[in-house]
Each structure stands twice: as C-alpha cells, then as structure tokens.
Amino acid sequence: MREPMIRRVCIVGGGTAGWMTAAALANKLNGLSIAVTLIESSEIGTVGVGEATLPHIRAFNKTLGIDERDLMRATEATFKLGIEFRDWGKIGDRYIHPFGDYGPAVNGVPFYHHWLRLKSLGDTSRLDDYSFPIVAAEQNRFRHPAAEHDRIESTFGYAYQFDASLYAAFLRRYAEANGVTRLEGKIVDTALDGESGHVRSVTLADGREVSADLFVDCSGFRGLLIEGALASGYDDWSHWLPCNRAVAVPTASAGPLGPYTRATARTAGWQWRIPLQHRVGNGHVYCSSFISDDDATRQLVENLDAPMQAEPRQLRFTTGRRRDFWKANVVAIGLAGGFLEPLESTSIHLIQDGITELLALFPDRGFDASDIVEYNRRMSLHYERVRDFLLLHYVATQRDDSEMWRHFRALTLPDSLREKIEAWQTRAYVVPYEFGLFLPPSWVAVMLGQNLMPTGYDPRARSMGDNALAARASAIRQEVAAAVRGTPDHADYIRRSAAAGSLAQRAPAA
Ligand SMILES: Cc1cc2nc3c(=O)[nH]c(=O)nc-3n(C[C@H](O)[C@H](O)[C@H](O)COP(=O)(O)OP(=O)(O)OC[C@H]3O[C@@H](n4cnc5c(N)ncnc54)[C@H](O)[C@@H]3O)c2cc1C
C-alpha cells in the first residue's frame, strides 16, 4: 500500500536554484494541496553570478507560462546563439559553439562529414559558413527561429544572457503569486528524526521552527542539509577540472550587442564576457595552484573593454558533485548538489535537470529507496556528461605555454571521454550518451574548433560526386549568407520585439 502524500515541502535557499524549484513546484503540484515554503537569508545572500544559459531554459519558462518579453524586460536579458571560444586550440584561434547544427544532412549523413570530405578534396570553406547561428552571431544579428522546417533560419535554438539576481526575483514574484510562502531568516539548527534519520525541522535564528515532509536543499555551496545535516559526501573532481576560483566584475556596455557569450583562454584559466542589456558581466575562472589571486585579478582587469562598475569580487569553489544528491528526505539542487565551472553555462541547466527528475520521481512519505537510487543515478550521469564535455576544451588543445596547459597534456582522462575521443579520431563518429546534455553538433563544434581533426569520415559521405557535392555546399553557404543578410541587428531586434528593459533608453546604433 502506498504511503500518504507529501503535504509540506520546505525549500532551503532563495538563489536561482531555490526560486526555480519553488516556481516549478508551485506550477506542477498545483491542485495537490501541498504547501511549499521557501526560507532565505538576506544576511547570507546568494552567489550572485550565473548570467549565461542554455536553450533548454526556454522550455522551463514555457511550462510555467512565462511570456518571453516580460522575462527579458525584467531581467535585462539579451539573446544568445552560442559561445565564442578564443585562444583554446592555439593562441589566436577562435570558433563559436553554436546552438544549432551545421548545414542540413545530405542523404541522411550529417553535413560535417561531407565538409570533411570536401576539405580532403582541397575545399577551403569554413564549417562555420554552413551554420546560420554562427554567421548571425559573427555579425551581431538575431531573429527567432523560423517555424518552417525547410528554411535554414529554422536550424538553430537560442538561450538568454540575463541578470541572475533579477531572474531569481522574477521567479520569486511568480512563485509567491502561485502560493509559495517565503520566510526570511537564517537557519541555525536542523533536527533529525532519531528513527528514520530524516530531517524533521529547521530552526531559524529568531527561534521559529519549520517542519516538512520533504526538504529541497538549495542553500548553495555549503549544502546546509545534504552535507551539514546528512553528510552525503562530495566527489571532488579537481584532478580533472582544477579551476577553483573566480573573480567577477561588471563593466559598462561597449561596442555592438553580441548575441553570444565569449570565453577566452588564459594562462591559468579563462575569462568570460557576457553582454546584457544594461551592462556586461566579466569574470576570470582560474586555478589557484597556477596563479595568485592578485595576478588573476590583474589579468582580468587588464583585459576588460570598458570601465568597471564595481570592485572585482572573489569566489571559491571545488569542482565535483554530492555523492548522494537525494538522501533520506532531502534533495540537493543547484550548488548544494555540485558545481562544474561555468565554461559552457551548464549550472542553471543542471538545476533544471534536478527539478525535472524530482518531479518525475516525486515521492510520497514512504520515500521508496528505488526512486532515490534512480534519482541519484540520473543526476550523476547528468553531471558526468557535463564534466567530460568541459574537460574536452582543456585537452583538445595544442597549447603548452603555461603550467596549466602542460598539466592537461599529462592528464589521465575519464574512460567515458577517452572512448569518445578515440571514436572521433578515426571516422568522426560522435558516440551518443544516455542523458547527454550536449548533442553531437556540440561535440563536433569543440573538437573541430580546437583542431582535433579526425583521420576519416563516414564512408556514406562518398555517395555524391565531387562536383555535385561542391555545388550543394556552395548553395548552402549562399543560403546561410542570404538569410543572415535579412536578419536584424540584435539590439534593434530586442527593442522592436518589446523585450527591451534599459536598452529602450539607449540610442540605436547609427
Ligand atoms: C564564478 C561563477 C560563474 C557562474 N556562471 C554561470 C553561468 O554563466 N551560467 C550558469 O548557468 N551558472 C553559472 N554559475 C552557477 C550559478 O551561479 C548557480 O548555479 C546559481 O546561481 C544557483 O545558485 P544556488 O541557488 O544553488 O546558490 P546561491 O545563489 O548561493 O543561493 C543559496 C541560498 O541559500 C540561502 N542560505 C544559505 N544558507 C542559509 C541559511 N543558513 N539560512 C537561510 N538561508 C540560507 C542563501 O541566503 C541563498 O538564498 C556560476 C557560478 C560561479 C561560481
């Protein structure tokens, strides 16, 4: 017989993870008479970074019924077509990892195989020229994807670059309007049930006690319940991804509004640049064993392209994940569950995964052990897949100009990544992953973008004659170029689609 329903859920923490969870539970548990309470402490605050997202966030917002223009105005958001990587394969290299595929498949074979064949025949076109989102991003243009599937303008997705604190505030309004109760206060104690080992209640500094059937730990790096109370344990992945600090600073807007995030490799890490409507987010993620905090800050400041709007702020982290994301009656989501550096803007997506899996396996008060095992299995895979993809950026490189890059050259890779690279090197095959966030085109973008050239390609790409293939390729390039010429300037498009917050006050480019 099933146990009684969960009646009270307590979310600990009001950062992006806490308010995304609160908004989703308010929406998806509607009608089940489940009371959702969120506790946050303004004294502790939030991590306050997390500006670049992935296209999947649109599905999350859509299921909540959020209007895109409202969201963009409220969060000073811009559109994002991908990430530009500079100096990763070699100093001077640049490529864009787009949210979309390269060209249409020919005879059922992904287009990049045909491009590899063309290249072997002496063709010098860039693979990028077959990608609408790359060419549009390079020219700072944006439009929504076309609905008609036969048009090149339908072959991409997009995400947002937004102010994370404003996004959390936006979702707070949504969640509170949909019945979530917010409590302000600092949790100072946690009571466990002696028999079950479940968290029974948390106590705030002013003495208030909050009990619940299910707790969602969104308390950030500290993992107040999952680690502090339940000692889940942490798998430290620093031996693979050793960057452990960041320094972040906002600058004034400068130059054209790019519909993409930039990640520039440095000697001991990399620097991000994320253009929003009202400012640009910048930061330097680095490994403290290869550079001092002062030098890392200096490197960041020297490479800014506009005046700083605040003092640089330091953050520390350890890459890895909780051994059990879900233990007893506590589910850890967000930084409380783990952290992988923001090179591919994956953290908010992993929050979304945590919420989706929790809803799929939403428990009753019996807390079935097999549901917990399955949740932890799935979340572990989500994190491992992202880890491998991030690590690819550091190991598919010819750089050896600093201690960090030499460190990566000597690294023993996780088997899952080693196998993936081996399969690529012979016939350009991308082994698909179960629960893989990044689909083959993303792997292709990074592997080719960082000069990991395969020795062969899919033999089926020989189905077309040389001249016919060259003509087909030329037609695709022309189609992309013409479509981009007809695509509006990114900033103008935001203004015209009524999604402008402070951008509405800035004069359009002459
Ligand atoms: C340098 C850096 C750059 C990043 N860039 C990106 C990016 O571009 N894209 C992306 O997707 N992600 C990015 N992230 C990750 C992103 O910032 C986080 O995933 C996201 O902000 C979620 O954080 P959180 O809500 O889990 O934790 P936090 O923001 O830390 O929130 C924790 C909450 O718990 C509360 N709390 C803690 N202890 C207590 C207590 N005792 N009592 C009461 N309340 C308590 C706090 O008050 C706060 O409300 C980045 C992270 C870092 C470190």
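Begin by selecting Glu84, Arg86, Arg94, Arg126, Asp128, Asp129, Glu138 and Arg262, which are linked in a network of salt bridges (a salt bridge being a side-chain nitrogen of Lys or Arg within 4 Å of a carboxyl oxygen of Asp or Glu). The model is predicted, so that local features need pLDDT of at least 70 and side-chain atom pairs count only at pLDDT 80 or more, while totals for chains, interfaces and linings use all residues. Residues are numbered from 1 along each chain as its sequence is written, and side-chain values use heavy atoms, with hydrogens and water left out.

Asp128 is buried at 14% relative accessible area, whereas Arg126 is partly exposed at 32% (buried means under 20% relative accessible area, exposed over 50%, partly exposed in between, with a 1.4 Å probe and protein chains only).

Next, select Arg151 and Glu153, a salt bridge with its closest N and O atoms 3.2 Å apart; Arg151 is partly exposed at 30%, and Glu153 is buried at 12%.

Move on to helix α11 (residues 415-427), where Glu422 and Arg418 lie four residues apart, about one turn of the helix (helices are DSSP runs of H or I, at least four residues, and strands of E, at least two, numbered from the N terminus). Their side chains meet in a salt bridge at 3.3 Å, N to O.

Finally, display the open, mixed sheet of six strands, ordered β7-β2-β1-β11-β20-β19, with β7 (181-184) and β19 (326-327) as its edge strands. Two bridges join β19 to the antiparallel β20 (residues 330-332), pairing requiring at least two DSSP bridges between strands.
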